[in-house]
Amino acid sequence: MHEWALAESVIKTAVEHSTLKKFKKLKEVGVVFGELQAIDKDIFVFALDGLRAQYPGAKDCKFKVSVEPAVFRCKACSKEFPLKGLKKTKDEAEFIHFVPEMAHTFLKCPRCKSPDFEIAEGRGVGLSYIKGSK
Amino acid sequence: MIDPRPSVISERLSGVKRVIAVTGWKGGIGKSVTASTLALTLARKGCRTGLFDLDFAGASDHLILGAKGLFPKEEKGLEPPLLCGVKFMSVVFFSENKAVPLRGANVSDAIIELLAITQWGELDFLVLDMPPGVNDAALDVMRFIPRAEVLAVTTPSMIARDVLERSLVLYRKLKVPVLGVLENMSPARSPRAGRIRLDPALEKALGRPEALLKTAFARDLDRCLPFVFGKMKL
């Protein structure tokens with residue numbers, strides 16, 4: 001249930017943003033899951049539902065989840081590469097799930113084998129938009 | 001894209017009474033041994049204590065404490081495992097003790113992730129073994145934990161002291177409270193406030209918390225605590 005902690009950050013950020021924008025009602029929030037972190041959508045949504053009581057401002061809010069594919073850019077040879085095809089054990093995938101930066105420990109550029117790459121897209125959880133009514 | 005993680009960091013630390021950031025701006029001056037021994041000492045005195053190794057590139061608190069076979073428990077985030085009465089969190093739980101080759105922004109991201117998901121619960125003290133020097137990560141820790149109080153470690157070396165002076169000026173500018181300065185490896189013959197004498201036996205005690213607490217290093221650090229924390233009852 002590590003997803004619970006991230007779900008709480010999403011709902012809290014949305015409610016704080018809604019207050020800041022003086023929304024009367026928080027309507028819809030776009031939640032982006034970076035492919036690299038491999039968040040379990042079912043657990044995340046279950047956690048969000050459980051947290052609604054704690055955050056009444058998000059009681060009727062829709063959370064639209066989408067997944068952003070991970071894209072890496074090698075700092076050594078400039079190759080751009082996806083997550084698919086990179087070898088990792090089950091344990092390594094679990095560590096990257098908790099801390100996506102562990103990708104630098106366990107993954108490497110498929111061309112030059114360098115661990116010095118940039119996670120250009122699809123790292124972790126983010127909010128792409130927050131809609132409300134005034 | 002809005003990053004939601006910073007919003008819950010203060011929540012995660014809401015049960016922590018005091019956050020002590022052990023800093024050192026030069027390598028090899030004993031920052032990690034001081035942070036780890038401080039956490040053990042506080043726990044031994046009955047304080048609910050946590051230790052967070054934020055020195056990702058040179059994580060070593062697990063070696064100092066002899067932490068083996070531990071992993072955080074998943075419970076609405078991550079609950080740090082208990083080691084000799086200290087709740088302990090480190091990046092090594094996720095790196096299998098391999099090198100963590102991170103650039104500055106990546107270190108920051110990883111620290112924010114762990115600050116957002118770690119459930120510390122109720123603590124009297126959270127000791128932070130800070131990233132060395134001043135960089136993205138160190139500045140982020142100060143930004144996200146503005147109530148952190150600095151305990152700076154230095155050595156009698158002219159170089160370390162000069163760097164220390166610069167760090168204290170910066171902390172003043174950033175309005176970061178400084179609890180005190182500990183001079184490690186001090187040549188002083190008798191115990192003096194703020195000084196920890198060079199202890200040739202320290203190396204052999206590393207990895208064994210009980211032995212570590214019995215070293216002259218730990219005794220001198222203990223003597224420094226009234227100087228660091230004032231008359232607060234520990």
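What follows is a short chat about a sheet and a helix in a predicted model.

Reader: How is the model numbered, and which pLDDT cut-offs apply?
Author: Residues count from 1 along each chain as its sequence is written, and chains are lettered from A in the order in which they are written. This is a predicted model, where local features need pLDDT of at least 70, side-chain atom pairs count only at pLDDT 80 or more, and totals for chains, interfaces and linings use all residues.

Reader: What's the strand order in the chain A sheet?
Author: β4-β3-β5, an open sheet with antiparallel pairing. Strands are DSSP runs of E, at least two residues; helices are H or I, at least four. Pairing takes at least two DSSP bridges.

Reader: Which strands sit at the edges?
Author: β4 (80-82) and β5 (117-121) of chain A, each pairing on one side only.

Reader: How many bridges join β3 and β5 in chain A?
Author: 4, with β3 covering residues 71-74. Phe72(A) stands opposite Ile119(A) there.

Reader: Is Phe72(A) buried or exposed?
Author: Buried, because 25 other C-beta atoms lie within 10 Å. The cut-offs: 20 or more within 10 Å is buried, 12 or fewer exposed, in between partly exposed, with C-beta atoms placed from the backbone.

Reader: What does Phe72(A) touch?
Author: Among others, Phe81(A), Phe117(A) and Ile119(A), leaving out residues up to four places away in sequence. Contact means backbone-placed C-beta atoms within 7 Å.

Reader: Switching to helix α3 of chain A. Which residues are buried?
Author: Phe95(A), Ile96(A) and Phe98(A).

Reader: What covers them?
Author: The cover includes α1 (2-20) of chain A and α4 (92-95) of chain B.

Key
Two residues are in contact if their C-beta atoms, placed from the backbone, lie within 7 Å.
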